[in-house]
Amino acid sequence: MTDRHDPAAASPDHDDDAPMTPAEMLALSRRQEDRVEDFFQMPTTIIVLTWGVAWTVGFLALWSASDASPIAVPAGPAGAVFVILMVAGIIISGVVGMRTGAGVKGPQQVQARIYGITWALGCLAVPMLAGALFRAGMSAEVAALYFPAGYCIVVGILYLFGAALFSDRSMIVVGGWILSIGIVAPYFGTPGNYLVMALAGGGAFLVYGIVLLVARARRSAGARNRG
(Lines give C-alpha, C1' and ligand atoms only; values in the text may rest on other atoms or scores of the structure.)
Protein backbone atom coordinates (compact mmCIF):
# COMPACT_ATOMS: atom_id res chain seq x y z
CA MET A 1 0.00 0.00 0.00
CA THR A 2 2.66 2.48 0.99
CA ASP A 3 5.38 1.32 -1.38
CA ARG A 4 7.33 4.50 -2.04
CA HIS A 5 8.96 3.44 -5.30
CA ASP A 6 6.87 1.73 -7.90
CA PRO A 7 8.35 2.45 -11.34
CA ALA A 8 5.89 0.16 -13.08
CA ALA A 9 3.04 2.17 -11.61
CA ALA A 10 4.47 5.39 -12.97
CA SER A 11 4.09 4.34 -16.59
CA PRO A 12 3.24 1.07 -18.32
CA ASP A 13 6.08 1.69 -20.78
CA HIS A 14 8.68 2.62 -18.18
CA ASP A 15 11.99 0.75 -18.32
CA ASP A 16 12.76 -0.53 -14.81
CA ASP A 17 16.50 0.09 -15.32
CA ALA A 18 16.07 3.68 -16.51
CA PRO A 19 15.81 6.62 -14.07
CA MET A 20 12.35 8.13 -13.72
CA THR A 21 11.67 11.41 -15.47
CA PRO A 22 10.22 14.36 -13.46
CA ALA A 23 6.85 13.79 -15.17
CA GLU A 24 6.84 10.12 -14.17
CA MET A 25 7.82 10.97 -10.60
CA LEU A 26 5.00 13.54 -10.40
CA ALA A 27 2.50 11.04 -11.82
CA LEU A 28 3.66 8.40 -9.35
CA SER A 29 3.36 10.86 -6.45
CA ARG A 30 -0.20 11.76 -7.47
CA ARG A 31 -1.18 8.10 -7.80
CA GLN A 32 0.22 7.37 -4.36
CA GLU A 33 -1.70 10.31 -2.87
CA ASP A 34 -4.92 9.12 -4.53
CA ARG A 35 -4.41 5.57 -3.24
CA VAL A 36 -3.76 6.73 0.33
CA GLU A 37 -6.79 9.05 0.23
CA ASP A 38 -9.01 6.24 -1.10
CA PHE A 39 -7.66 3.87 1.54
CA PHE A 40 -8.68 6.11 4.42
CA GLN A 41 -11.88 7.55 2.91
CA MET A 42 -13.56 4.30 1.81
CA PRO A 43 -14.11 3.08 5.41
CA THR A 44 -15.45 6.53 6.29
CA THR A 45 -17.78 6.43 3.27
CA ILE A 46 -19.11 2.99 4.24
CA ILE A 47 -19.72 4.06 7.84
CA VAL A 48 -21.35 7.34 6.80
CA LEU A 49 -23.76 5.68 4.36
CA THR A 50 -24.53 2.91 6.86
CA TRP A 51 -25.56 5.41 9.54
CA GLY A 52 -27.32 7.56 6.96
CA VAL A 53 -29.64 4.67 6.09
CA ALA A 54 -29.95 3.52 9.73
CA TRP A 55 -30.86 6.97 11.09
CA THR A 56 -33.15 8.01 8.24
CA VAL A 57 -35.15 4.76 8.10
CA GLY A 58 -34.94 3.97 11.83
CA PHE A 59 -36.03 7.35 13.17
CA LEU A 60 -38.71 7.73 10.49
CA ALA A 61 -40.04 4.34 11.62
CA LEU A 62 -40.24 5.56 15.25
CA TRP A 63 -41.90 8.81 14.22
CA SER A 64 -44.38 6.94 12.00
CA ALA A 65 -45.52 4.96 15.05
CA SER A 66 -46.37 8.15 16.97
CA ASP A 67 -49.63 10.09 17.09
CA ALA A 68 -48.03 12.87 15.02
CA SER A 69 -47.71 10.61 11.98
CA PRO A 70 -50.47 10.67 9.34
CA ILE A 71 -50.00 6.94 8.80
CA ALA A 72 -50.59 4.34 11.48
CA VAL A 73 -47.53 2.11 11.93
CA PRO A 74 -47.61 -0.37 14.86
CA ALA A 75 -45.12 0.56 17.57
CA GLY A 76 -43.74 -3.00 17.85
CA PRO A 77 -42.53 -3.40 14.25
CA ALA A 78 -41.32 0.22 14.16
CA GLY A 79 -39.24 -0.33 17.30
CA ALA A 80 -37.89 -3.62 15.92
CA VAL A 81 -36.81 -1.92 12.68
CA PHE A 82 -35.05 0.79 14.68
CA VAL A 83 -33.20 -1.66 16.94
CA ILE A 84 -32.14 -3.89 14.02
CA LEU A 85 -30.79 -0.92 12.07
CA MET A 86 -28.89 0.46 15.08
CA VAL A 87 -27.35 -2.94 15.89
CA ALA A 88 -26.42 -3.44 12.22
CA GLY A 89 -24.82 0.01 12.21
CA ILE A 90 -22.73 -0.77 15.29
CA ILE A 91 -21.60 -4.14 13.86
CA ILE A 92 -20.71 -2.72 10.45
CA SER A 93 -18.89 0.25 12.02
CA GLY A 94 -16.93 -2.09 14.28
CA VAL A 95 -15.94 -4.50 11.50
CA VAL A 96 -14.97 -1.71 9.10
CA GLY A 97 -13.10 0.09 11.86
CA MET A 98 -11.07 -2.95 12.89
CA ARG A 99 -10.19 -3.69 9.25
CA THR A 100 -9.10 -0.10 8.62
CA GLY A 101 -5.34 0.16 8.49
CA ALA A 102 -4.73 -3.42 7.35
CA GLY A 103 -1.83 -3.40 4.89
CA VAL A 104 -0.48 -0.06 6.08
CA LYS A 105 2.65 0.18 8.20
CA GLY A 106 3.76 2.82 10.65
CA PRO A 107 1.92 5.63 12.44
CA GLN A 108 -0.87 5.78 9.82
CA GLN A 109 -1.85 2.20 10.63
CA VAL A 110 -2.12 3.00 14.33
CA GLN A 111 -4.08 6.20 13.69
CA ALA A 112 -6.56 4.49 11.35
CA ARG A 113 -7.16 1.55 13.68
CA ILE A 114 -7.61 3.74 16.75
CA TYR A 115 -10.07 5.90 14.86
CA GLY A 116 -12.03 2.94 13.53
CA ILE A 117 -12.23 1.18 16.89
CA THR A 118 -13.22 4.45 18.57
CA TRP A 119 -16.34 4.48 16.38
CA ALA A 120 -17.45 1.13 17.73
CA LEU A 121 -16.61 2.02 21.33
CA GLY A 122 -18.37 5.37 21.09
CA CYS A 123 -21.55 3.76 19.70
CA LEU A 124 -21.48 1.12 22.44
CA ALA A 125 -20.98 3.74 25.17
CA VAL A 126 -24.43 5.24 24.56
CA PRO A 127 -26.52 2.13 25.43
CA MET A 128 -24.13 1.15 28.22
CA LEU A 129 -24.59 4.53 29.89
CA ALA A 130 -28.34 4.20 29.34
CA GLY A 131 -28.30 1.01 31.41
CA ALA A 132 -27.04 2.96 34.42
CA LEU A 133 -29.54 5.76 33.80
CA PHE A 134 -32.42 3.26 33.65
CA ARG A 135 -31.30 1.85 37.00
CA ALA A 136 -31.34 5.41 38.34
CA GLY A 137 -34.95 5.83 37.24
CA MET A 138 -34.76 7.25 33.71
CA SER A 139 -38.28 7.16 32.22
CA ALA A 140 -39.14 5.93 28.72
CA GLU A 141 -39.94 9.50 27.69
CA VAL A 142 -36.54 10.77 28.79
CA ALA A 143 -34.86 7.75 27.18
CA ALA A 144 -36.53 8.70 23.89
CA LEU A 145 -34.70 12.02 24.12
CA TYR A 146 -31.44 10.61 25.50
CA PHE A 147 -30.66 7.94 22.88
CA PRO A 148 -30.86 10.09 19.73
CA ALA A 149 -29.04 12.98 21.40
CA GLY A 150 -26.38 10.66 22.84
CA TYR A 151 -25.61 9.09 19.47
CA CYS A 152 -25.49 12.50 17.81
CA ILE A 153 -23.04 13.89 20.34
CA VAL A 154 -20.78 10.82 20.09
CA VAL A 155 -20.80 10.81 16.27
CA GLY A 156 -20.30 14.57 16.07
CA ILE A 157 -17.25 14.40 18.33
CA LEU A 158 -15.88 11.44 16.35
CA TYR A 159 -16.13 13.44 13.14
CA LEU A 160 -14.31 16.38 14.71
CA PHE A 161 -11.66 13.91 15.94
CA GLY A 162 -11.38 12.55 12.40
CA ALA A 163 -11.05 16.08 11.00
CA ALA A 164 -8.06 16.71 13.24
CA LEU A 165 -6.58 13.27 12.48
CA PHE A 166 -6.89 13.41 8.68
CA SER A 167 -6.83 17.22 8.19
CA ASP A 168 -10.24 16.96 6.47
CA ARG A 169 -12.19 20.22 6.59
CA SER A 170 -15.40 18.61 5.32
CA MET A 171 -15.45 16.44 8.46
CA ILE A 172 -15.41 19.61 10.58
CA VAL A 173 -18.63 20.76 8.90
CA VAL A 174 -20.35 17.36 9.23
CA GLY A 175 -19.17 16.87 12.82
CA GLY A 176 -20.30 20.33 13.85
CA TRP A 177 -23.67 19.81 12.16
CA ILE A 178 -24.32 16.43 13.81
CA LEU A 179 -23.21 17.75 17.19
CA SER A 180 -25.61 20.69 16.84
CA ILE A 181 -28.49 18.34 15.98
CA GLY A 182 -27.76 16.29 19.10
CA ILE A 183 -28.04 19.41 21.23
CA VAL A 184 -31.08 20.93 19.49
CA ALA A 185 -33.25 17.83 18.79
CA PRO A 186 -34.29 17.20 22.45
CA TYR A 187 -35.85 20.67 22.55
CA PHE A 188 -38.43 19.47 20.00
CA GLY A 189 -39.64 16.87 22.48
CA THR A 190 -40.91 13.43 21.50
CA PRO A 191 -41.71 12.51 18.72
CA GLY A 192 -40.51 15.73 17.08
CA ASN A 193 -36.91 14.82 17.84
CA TYR A 194 -37.30 11.62 15.77
CA LEU A 195 -38.17 13.65 12.70
CA VAL A 196 -35.26 16.03 13.29
CA MET A 197 -32.89 13.08 13.65
CA ALA A 198 -34.19 11.33 10.50
CA LEU A 199 -34.15 14.32 8.19
CA ALA A 200 -31.36 16.54 9.52
CA GLY A 201 -29.18 13.76 10.95
CA GLY A 202 -29.64 10.78 8.63
CA GLY A 203 -30.15 13.09 5.67
CA ALA A 204 -26.87 14.86 6.37
CA PHE A 205 -25.06 11.51 6.52
CA LEU A 206 -26.52 10.43 3.17
CA VAL A 207 -25.62 13.72 1.49
CA TYR A 208 -22.08 13.56 2.85
CA GLY A 209 -21.72 9.92 1.74
CA ILE A 210 -22.81 10.83 -1.78
CA VAL A 211 -20.32 13.73 -1.80
CA LEU A 212 -17.53 11.31 -0.84
CA LEU A 213 -18.54 8.85 -3.59
CA VAL A 214 -18.60 11.62 -6.21
CA ALA A 215 -15.18 12.88 -5.07
CA ARG A 216 -13.79 9.34 -5.30
CA ALA A 217 -15.20 8.91 -8.81
CA ARG A 218 -13.59 12.17 -9.89
CA ARG A 219 -10.22 11.12 -8.43
CA SER A 220 -10.44 7.82 -10.29
CA ALA A 221 -11.32 9.57 -13.54
CA GLY A 222 -8.42 12.01 -13.04
CA ALA A 223 -6.02 9.14 -12.36
CA ARG A 224 -7.14 7.34 -15.54
CA ASN A 225 -6.66 10.53 -17.57
CA ARG A 226 -3.18 11.05 -16.14
CA GLY A 227 -2.31 7.43 -16.82
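## Exercises on a helical chain

The unreviewed UniProt entry annotates residues 39–63, 75–96, 117–137, 143–164, 171–188 and 194–215 as "transmembrane region". The model you are looking at is predicted, so let's work through it with that in mind.

**Exercise 1.** Find out how much helix there is in residues 171–188 and in residues 194–215.

*Solution.* Start with residues 171–188: the span is 78% helix and 0% strand, and its end C-alpha atoms lie 26 Å apart. Now take residues 194–215: here the chain is 100% helix and 0% strand, with 30 Å between the end C-alpha atoms.

**Exercise 2.** Work out how helices H5 and H6 are oriented to each other.

*Solution.* Two packed helices are described by the angle and the distance between their axes. For H5 (residues 140–166) and H6, the axes come within 7 Å and cross at roughly 160 degrees. Angles over 145 degrees count as roughly antiparallel, and therefore H5 and H6 are roughly antiparallel to each other. The crossing of H5 past H6 is left-handed. Next, look at who makes the contact: H5 contributes residues including Ala149, Cys152 and Phe166, while H6 contributes, among them, Met171, Gly175 and Leu179. Sorted by class, the contact has 15 nonpolar, 5 polar and no charged residues.

**Exercise 3.** Locate Pro191 and describe the peptide bond that joins Thr190 to Pro191.

*Solution.* First, the place: Pro191 sits in the loop between helix H6 (169–184) and helix H7 (192–226). Then the bond: Thr190 and Pro191 are joined by a cis peptide bond, with omega about 15 degrees. To put that in context, most peptide bonds are trans.

How values were computed:
Residues are numbered from 1 along each chain as its sequence is written. This is a predicted model: local features need pLDDT of at least 70, side-chain atom pairs count only at pLDDT 80 or more; totals for chains, interfaces and linings use all residues. Side-chain values use heavy atoms; hydrogens and water are left out. Helices (H or I, at least four residues) and strands (E, at least two) are DSSP runs, numbered from the N terminus. Axes are lines fitted to C-alpha atoms, for helices over the stretch in contact, and angles run from 0 to 180 degrees between N-to-C directions. Angles under 35 degrees count as roughly parallel, over 145 as roughly antiparallel, 65 to 115 as roughly perpendicular and the rest as oblique. A crossing is left-handed if the near helix is turned anticlockwise from the far one by less than a right angle, and right-handed if clockwise. Contact means heavy atoms within 4.5 Å. Ala, Val, Leu, Ile, Met, Phe, Trp, Tyr, Cys and Pro count as nonpolar, Asp, Glu, Lys and Arg as charged, and the others, Gly among them, as polar. UniProt positions are given in the numbering used here, feature names are shortened, and annotations may be inferred rather than shown by experiment.
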